[in-house]
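Here is a short note for a colleague who is opening this entry for the first time. Please read it with the structure on screen.

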Amino acid sequence: MRRAVDVVTILQFGVNGLFVATGYALVALGLTLIFGVLHVADFAQGALYMLGAYVSFYATQAGGVGYFAAVALAMATGAVLAALNGGVVYLPLQRHGGSLTFVAALGVLLILQNAALWWFGGDFRLVPSPFGDGKFSAGGVVLTHHQAFVLGATGCLVLLLWAGLRYTKPGKALRAMAQQPEAARLVGIDIQRVGLLAFAVAGGLAGGAGALMAPVRAFDPHIGAVVILKSFAIVIFGGMGSVPGAIVGAAVVALAETFTAAYLAAEFADLVAFGLMIVALFARPQGLLGRLPT
Amino acid sequence: MPGAWVGLALLGALVAPVLLRSPSHQNLLVLTAINVILVASLDMLIGLSGLVSLGHAAFWGIGAYTSALLVMRAGVPFLVALPAAGLAAAAAGLVIGYPSLRLRGHYFVLVTFIFGIIVTLLLTSWVELTRGPMGLPGIPFATLPWVGGTEVVLNTFQDKVRYYYLVLVVALLTLWVRSRIMGSRMGRALVAVREDEDLGQTLGVDTHRYKMGVFVLSTAQAGLAGSLYAHYSTFLAPETFDYVASFDLFVMNLVGGAGTPLGPVVGPVLLTAVRDALRSTHPVLGAVLFGVFLILSIQFLPRGVVGVWDHLRGRRRW
């Protein structure tokens, strides 16, 4: 498939790429947060993204709830489930070492994905956007109202997260846990509680991302696995435990993916994230903006 | 190591196809033996060295496709394709292992896992080579040279017993290699990696070299299992080697008892038939149950059935 190589087309793909990046970034942020604090690779976050999408679908279609309330509901669902998951499955496993929690996380993803397949069926769903087909257009480059809303909402969430981590007491406890777990324990930080908080925040972001993307990207119960694998590659590429790394990584991967699909080969676009990850592992194993584990 | 149990297991493996005469039971026997190769090779990583690999099925798949394509497209005889499958998987192991084994922490488990995803994606997308999601049918049966220049064709549709013994030979060799390594200098170095890598390095053990060695060996054995699988089933599809398959192997190893002498035999014997039945009758419910079972066994059976048995008998890990 040949595509025109002109400024407008390239800008349009750039806009689309950035939009795709928002979904990845929200999930990757949660992953990197949990990883930084607890060294758990929480694959179940993908299932929370998927469930967030379904919550928004059923809340708006069957529950008569407005879309924005549905997004909030999806975030709450994600946060509660993630904290539950963390408390019941992962924290008790900490004593066995990190690699087993990783396997357990994949087990949770498998359970939730197949339970969703059972309850919701395998049909692809799409949630109608509250903005309809409205779009902005500047010099031929198009941005739909929904895309603009998602970009704005993601920006707000990232800012909130940043401010929360920087200025609030629980945020500081999270950062302390990530930097010096032993010292954090010495000054009296409750590891279990901080850990559960990290899970809840991440789950909220993942559930919200699912609901935000639901009007644009058709989903079925398998979407969680697709999203989480890419987010994971992004986290490794950007640097495990690094918040800026997750955002920059998401942007790089989403743009690379969009342009690969447009100009090179659509069937290999899904491999781009993993290719970048492998390159990073060879050339810069700590990731783009990460620190090496000590 | 309880020699009596090993003897009993060996006897059971030898007479099993005589006792189980129906083709479906014999099919499960062959699959179990292939799983023993896979789990025994995986356990050299997990049980012996503490390196959790979640991409083992990908190396199995590389071996399977390499062997099948070599025989189908290049007319290579089975006895050449079998080691070639091992070499191809080992080469992939070398490329993946070199960077990821240098790093501590969770890099290895993440990289092996994502490598498994990449292999499945490649097998699915590279349609010209692998026929992608349609699968690769019509893989020729294995042929072995026989006395007087003749050839024996191991037609697994008509006779699974001979093929079972072929797989059994490779499985026994794999188990033998594993037990030899465990008692060797390399095995002790790998136990050092598992228990305290820093200490091992301080004492002058080149841990990276030993980790690379065991990983390449393990992936080579998975490749051999792939070739054996390809010429047994005569049909390959990418999803046979996906991350859920890697999971299955991990769980078999965990349930059997990682790092125990007979664990890699016990796990596949207990679970191959169960997994096969679940996957074919109710895949969705099967996956849910499998996930629950996985989490429960990680929580409560960290050393598997063999570990529980040893515990009941008051024995410690050797």
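**Notes on the predicted model**

1. Start with the overall dimensions of chain A. A compact globule of 294 residues would have a radius of gyration near 19 Å, and chain A agrees, because its own value is 19 Å. This is a predicted model. Along the principal axes, the C-alpha atoms of chain A fill a box of roughly 60 × 50 × 35 Å.

2. Next, the fold of chain A. It has eleven helices and two strands. In sequence order the pattern reads α-α-α-α-β-β-α-α-α-α-α-α-α. Of its 294 residues, 52% count as buried. Among contacts in chain A with a separation of 6 or more, 76% are between residues 24 or more positions apart.

3. Now the contact between the chains. Chain B gives 30 residues and chain A gives 35. On the side of chain B that touches chain A, the elements with two or more residues are α4 (78–102), α5 (107–125), α10 (243–256) and α12 (283–300) of chain B. The largest share, ten residues, comes from α12(B). By class, this side of chain B has 23 nonpolar, six polar and one charged residues.

4. Finally, one residue to look at. B:Ile298 lies in helix α12 of chain B. Is B:Ile298 buried or exposed? B:Ile298 is buried, because 21 other C-beta atoms lie within 10 Å and the cut-off for buried is 20 or more. Beyond its neighbours within four places in sequence, B:Ile298 is in contact with A:Leu93, A:Leu100, A:Val103, A:Ala104 and B:Leu254. B:Val251 is 47 residues away along the chain, and its C-alpha atom is separated from that of B:Ile298 by 8.8 Å.

Notes: Residues are numbered from 1 along each chain as its sequence is written. Chains are lettered from A and ligands numbered from 1 in the order in which they are written. This is a predicted model: local features need pLDDT of at least 70, side-chain atom pairs count only at pLDDT 80 or more; totals for chains, interfaces and linings use all residues. Two residues are in contact if their C-beta atoms, placed from the backbone, lie within 7 Å. Helices (H or I, at least four residues) and strands (E, at least two) are DSSP runs, numbered from the N terminus. Ala, Val, Leu, Ile, Met, Phe, Trp, Tyr, Cys and Pro count as nonpolar, Asp, Glu, Lys and Arg as charged, and the others, Gly among them, as polar. A residue is buried if 20 or more other C-beta atoms lie within 10 Å of its own, exposed if 12 or fewer, and partly exposed in between; C-beta atoms are placed from the backbone. The radius of gyration is taken over C-alpha atoms; the globule rule is 2.2 Å times the number of residues to the power 0.38.
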